[in-house]
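Subject: Structure handover

Hello,

Here is the structure I promised you. Please open it alongside this note, and then read on for what turned up.

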Amino acid sequence: MSNPILTIKQLGCRYGSRTVFEQLDLQATKGEVLALLGPNGAGKSTLLRCLARLQRPQQGQIWLDGQPLWHIKPRLVAQQIAFAPQQAGLNPELTVEQMLLLGRTPHRGWLLPMTKADRAIVEELLERFNLAKYRRQSLAELSGGEQRRVIIARALAQQPKMLLLDEPTAHLDLKYQLEIMQLVSDLAHNDGVCVILTLHDLNQASLCADRIALLAHGRLQAVGAPSAVLRSELIEAAYEVPIQMIEHPNHNLPLVMLQPQRKEVAWPN
Ligand SMILES: Nc1ncnc2c1ncn2[C@@H]1O[C@H](COP(=O)(O)OP(=O)(O)OP(=O)(O)O)[C@@H](O)[C@H]1O
């Protein structure tokens, strides 16, 4: 891989005596969308937290643009990496607008006033995420989907080189799911951002990721293009459930179908 922005070597993480994953090697480049897949508890969020420097791994190393992540000053890390977690701490004092302005902090420092450029970035995001009408409301007053949009918009306000999104489509209706998938693609392919996101919807991953990394049973099981990773033997072993693969009708991409036991009941009309 040429000039990776992110290099992970032999990474291992545990909580107490419980190992979450180990011997994890992975690289990512500018301008790519990398989806992290894996069953509940596989360690996807833990890995994202390590990359956001919120959690120190017990083993291995992470390099950002060739520098060991833990040797870079926190402010410089915050200028380059933005993390949108599954849930933001709800601070009832802060409005949606203030939350987004907070995203500009790494670029201006705590005590410096907002510049016109900071405000313009926040205004554009309020419009883009259809949040302008909620600008003076607190997060606690918003629905789950609206809160997700605020969390993602705040991360974008940081204008990072690497964007980490933990389940960005959770709680979103179809329109916003599609919008997030499109946004992720635009950020990577037009603006050159490296986007790493966790997803539970394997088909969304197939449709929006350039590469997929499959984490299960404490190890990275496979990394590669959707067609290389979304294979029945790999998915069935990772998720421990029988599936069937089909091809998307309009794109040359694999889709994963569940096979529930369904009883056909004839209801009277
Ligand atoms: N702070 C913590 N203390 C102890 N154990 C933790 C902590 N955070 C996570 N774990 C455990 O580590 C494992 C990995 O959790 P993690 O949240 O990283 O998985 P995940 O793949 O993101 O799961 P999900 O898909 O359910 O969100 C889980 O078994 C979880 O219970």
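Two strands count as paired if DSSP finds at least two bridges between them. Strand 11 and strand 12 form a hairpin, with six residues between them. Strand 11 covers residues 243-247 and strand 12 covers residues 254-258; they pair in the antiparallel sense over five bridges. E247 has P254 in strand 12 as its bridge partner. Please keep in mind that this is a predicted model.

The six-stranded sheet is open, and its strands run in the order 6-7-8-3-9-10. The pairing is mixed. Strand 6 (81-84) and strand 10 (219-224) are the edge strands, and each pairs on one side only. On average, neighbouring strands in this sheet are turned by 15° against each other, direction ignored. Inside it, strand 3 (residues 33-37) pairs with strand 9 (residues 211-216). That pairing is parallel and runs over four bridges. A35 stands opposite I212 in strand 9. Helix 7 (residues 174-189) packs on the sheet. Helix 7 touches strand 3, strand 7 (162-166) and strand 8 (194-198). The direction of helix 7 makes about 150° with that of strand 8.

The four-stranded sheet is also open, in the order 2-1-4-5. Here the pairing is antiparallel. Which strands stand at the edges? They are strand 2 (18-28) and strand 5 (67-68). Each has a single partner strand, so one side of each is left without a neighbour in the sheet. Strand 1 (residues 6-15) and strand 2 pair in the antiparallel sense over seven bridges. T7 has Q27 in strand 2 as its bridge partner. Helix 1 packs on this sheet and touches strand 1, strand 2 and strand 4 (59-64). The direction of helix 1 makes about 120° with that of strand 1.

Next, the ligand.

Which residues are around the ligand? They are Y15, V20, G38, N40, G41, A42, G43, K44, S45 and T46. By class, this shell has six polar, three nonpolar and one charged residues. Helix 1 (residues 44-51) gives the largest share of the shell, with three residues.

Then the core.

The largest nonpolar core has 75 residues. Those with the most contacts inside it are A35, L125, A153, L164, V195, I196 and I212. Helix 6 (residues 144-157) supplies the largest share of this core, seven residues. L125 touches L100, A153, L156 and A157, leaving out residues up to four places away in sequence. A35 and I212, the pair that stand opposite each other, are both on the list of residues with the most core contacts.

Q58 lies in the loop between helix 1 and strand 4. Is Q58 buried or partly exposed? Q58 has 13 C-beta neighbours inside 10 Å, so it counts as partly exposed. The cut-off matters here: a residue is buried at 20 or more such neighbours and exposed at 12 or fewer. Q58 touches G12, C13 and R14, again leaving out residues up to four places away in sequence. Q58 and E146 are 88 residues apart along the chain, and their C-alpha atoms are separated by 36 Å.

Best wishes

Key:
Residues are numbered from 1 along each chain as its sequence is written. This is a predicted model: local features need pLDDT of at least 70, side-chain atom pairs count only at pLDDT 80 or more; totals for chains, interfaces and linings use all residues. A residue is near a molecule or strand if its C-beta atom, placed from the backbone, lies within 6 Å of it. Helices (H or I, at least four residues) and strands (E, at least two) are DSSP runs, numbered from the N terminus. Ala, Val, Leu, Ile, Met, Phe, Trp, Tyr, Cys and Pro count as nonpolar, Asp, Glu, Lys and Arg as charged, and the others, Gly among them, as polar. A nonpolar core is a set of buried Ala, Val, Leu, Ile, Met, Phe, Trp, Tyr and Cys residues joined through C-beta atoms within 7 Å. Two residues are in contact if their C-beta atoms, placed from the backbone, lie within 7 Å. Axes are lines fitted to C-alpha atoms, for helices over the stretch in contact, and angles run from 0 to 180 degrees between N-to-C directions.
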